[in-house]
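Here is a short briefing for a first look. Please keep the structure in view while you read.

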Amino acid sequence: MSGGDMAKPLLGHRSMDGDPSITSAAGRTISVLGSGDFARSLAIRLVCSGFKVVVGSRNPKRKAGLFPSAAEVTFQADAVKQADVIFVAVFREHYSTLCDLADVLAGKILVDVSNNTEINHHRESNAEYLASLFPACTVVKGFNVVSAWTLQSGARDGNKQVLICSNNQEAKRTVAEIAQVMGFTPVDMGCMSSASEIENIPLRLLPAWKIPIFLALGLFLCFFTYNLIRQVIHPYIREQKNKLYKIPIEVVNTTLPCVAYVMLSLVYLPGVLAACSQLYYGTKYRRFPDWLDQWLQHRKQIGLLSFFCAALHTVYSLCLPMRRSHRYQLIETAVKQAVEKKMNIWVEEEVWRMEIYISVGIIALGLLSLLAITSLPSIANSLNWREFSFIQSTLGFIALVISTLHTLTYGWSRAFDENQYKFYLPPTYTLTLLVPCTVILAKVIFSLPCIHQRLLRIRRGWEKGRYVKFVLPSATGEYSSGETSSNV
Ligand code: NAP
């Protein structure tokens with residue numbers, strides 16, 4: 001399963017939430033085998049949800065104090081006898097020690113809550129293994145994506161979804177009912193063959209973020225090295241000046257906006273490439289290459305990392321005047337002026353450049369914050385498609401244009417000053433402009449009526465070299481359909 005997988009069940013699988021046939025299962029007796037962290041949190045949540053709980057332990061006397069008084073803690077066999085649904089809160093490697101209970105367990109529902117320590121650790125899933133040990137029982141996989149902490153704090157915090165799978169519909173339904181009474185959202189993941197997939201989910205570490213994080217780190221490394229050469233190595237080699245003190249703040253602070261700016265343009269570049277592909281092939285039905293598909297899917301994460309770097313750049317910039325080096329430089333400049341008897345050092349052009357530069361930067365950061373906030377699922381879900389696309393697409397593009405203005409006012413005329421070329425290397429900002437300006441130029445070209453219309457028709461299903469029936473809105477807003485030649 002690839003990036004954004006946690007969201008997949010909501011869309012691709014039937015949520016059992018809100019099923020009118022599900023009635024309250026509270027009052028039912030539930031057994032929990034095991035007395036560890038998970039068993040304890042599960043027992044607390046079950047008791048709070050109105051279930052009668054019986055905990056089965058190998059040493060009930062010692063463990064009884066750890067559970068709420070409403071829960072009965074007894075020997076494993078005793079606990080199993082009292083309920084039809086048994087949560088197995090024991091690690092896979094200890095399943096075989098439960099085989100003595102096979103007779104009392106026969107005909108009951110076993111809920112396998114276990115996780116592994118590695119992705120695809122075993123050939124068969126834990127739930128399938130449990131089912132093979134207890135063929136007379138019905139095994140349901142579930143609750144493994146919920147942590148002990150989430151169980152204890154209730155479904156208000158943490159992940160509310162409980163992914164469930166089993167080969168037995170009735171057993172799956174019973175467990176879903178229990179999950180729902182506990183305040184969770186049961187999600188039907190199908191039959192037992194999905195158990196491995198469910199067991200792998202808690203082990204995945206930010207799958208959708210890997211590529212964007214490597215991209216951001218790669219860009220950071222490149223720009224950092226470039227700035228280091230220009231700001232530290234060049235003055236040392238050419239003038240024997242030690243500028244190493246610049247590394248922790250100045251060099252980092254000139255690198256962060258470069259990464260933020262280029263990353264922001266990389267959010268919009270795949271859209272441009274996709275549009276080029278659609279225009280070239282004259283269809284929207286041709287699959288994009290895998291790399292472009294992947295890139296399109298990671299735009300949200302790339303955008304959030306761009307915002308993160310921009311926010312860090314803001315904090316670093318605010319800290320610049322706090323540095324000792326800055327204070328010494330200010331005093332040095334003041335002394336020099338006093339010695340040279342200079343009274344007026346006001347440079348009107350520099351003043352205006354700085355005012356515009358900072359103001360535009362603040363607006364760009366504000367827009368980026370808006371993009372970041374609206375990409376949060378809870379906010380995104382409260383917007384309709386038009387609002388979401390207006391913010392992410394139109395405002396996002398405006399943020400890119402304003403960031404370009406921010407970069408240009410920073411650079412001003414430095415690109416034409418030969419002193420700015422250290423070891424013949426142009427100022428960093430000129431390099432960062434490359435991708436964003438390409439994106440902006442492409443967007444301007446796509447907005448030309450002849451290209452915009454063609455793109456619009458392609459996105460409505462028109463294909464080059466084919467007669468297709470398509471529907472266009474008339475001037476009055478009504479829709480009219482007709483046959484058209486693809487070559488029109
Ligand atoms: P734990 O604290 O180590 O508890 C495991 C329990 O298993 C022990 O307290 C023990 O209870 C029981 N057990 C039964 N037979 C055993 C044997 N032969 N050897 C050792 N212990 C035996 O582990 P846990 O964190 O509660 O996890 C339990 C299960 O829940 C695991 O499969 C885990 O993957 C799953 N899980 C845990 C979490 C979590 O956040 N902790 C989240 C999701 C899933 P008695 O001594 O009373 O018999």
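Where is the place of Tyr424? Tyr424 sits in the loop between α17 (385–411) and α18 (428–432). The model shown is predicted. Its chain holds 20 helices and 10 strands, and 42% of its 488 residues count as buried.

**The chain as a whole**

- Contacts between residues 24 or more positions apart make up 70% of those with a separation of 6 or more.

**The ligand and its surroundings**

- Ser57 places a polar side-chain atom 2.4 Å from an oxygen atom of the ligand.
- Lys63 has an N or O atom in its side chain that is 3.0 Å from an oxygen atom of the ligand.
- Val90 takes part through its backbone: a polar atom there is 3.1 Å from an oxygen atom of the ligand.
- On its own, the ligand has 890 Å² of accessible area, and the protein covers 81% of it.

**Aromatic pairs**

- A pair of aromatic rings is described by two values, the distance of the centres and the angle of the planes.
- The whole structure contains 9 aromatic pairs.
- Phe87 and Phe143 make one of them, with an edge-to-face arrangement. Their centres are 5.3 Å apart, and the angle between the planes is 80°.
- This pair links distant parts of the chain, 56 residues apart. Phe87 belongs to strand β4 (residues 85–88). Phe143 belongs to the loop between β6 (138–141) and α7 (148–153).
- Tyr95 and Tyr129 form a stacked pair. The distance is 6.0 Å centre to centre, with 20° between the planes.
- Tyr95 lies in the loop between β4 and α5 (102–105), and Tyr129 lies in helix α6 (residues 126–133), so the pair ties together parts that are 34 residues apart in sequence.
- Tyr95 has a relative accessible area of 0%, so it counts as buried.
- Ring pairs also join Phe87, Phe143 and Phe184 into a cluster.

**Polar contacts inside the protein**

- Thr150 is part of helix α7. Its relative accessibility is 5%, which means that it counts as buried.
- The side chains of Thr150 and Ser147 are joined by a polar contact of 2.9 Å.
- Ser306 is part of helix α13 (residues 299–319). With a relative accessible area of 0%, Ser306 is buried.
- What lies 2.9 Å from a polar atom of the side chain of Ser306? The backbone oxygen of Ala260 does.
- Ser306 is also in contact with Met263, Leu264 and Leu368, along with Ala260, when its neighbours within four places in sequence are left aside.

**A helix end and a distant residue**

- Gln297 is found in helix α12 (residues 290–297). Gln297 is partly exposed, at 47% relative accessible area.
- Gln297 and Ala208 are 89 residues apart along the chain. Their C-alpha atoms are separated by 8.6 Å.

**Positive phi angles**

- Most residues other than glycine have a negative phi.
- Phe143 is not a glycine, yet it has a positive phi of about 70°. Its place is in the loop between β6 and α7.
- Tyr424 has a positive phi too, near 65°.
- Is Tyr424 buried or exposed? Its relative accessibility is 79%, so Tyr424 counts as exposed.

Note on methods
Residues numbered from 1 in each chain as written. Heavy atoms only, no water. Polar contact = N/O pair within 3.5 Å; in protein donor to acceptor, adjacent residues only side chain to side chain. Areas by Shrake-Rupley, 256 points an atom, 1.4 Å probe, with all protein chains shown as cover. Helix = DSSP H or I, 4+ residues; strand = E, 2+ residues; numbered from the N terminus. Buried < 20%, exposed > 50% of the residue type's maximum accessible area, 1.4 Å probe, protein only. Contact = heavy atoms within 4.5 Å. Phe/Tyr/Trp six-rings, centres within 6.5 Å; stacked < 30°, edge-to-face > 60°.
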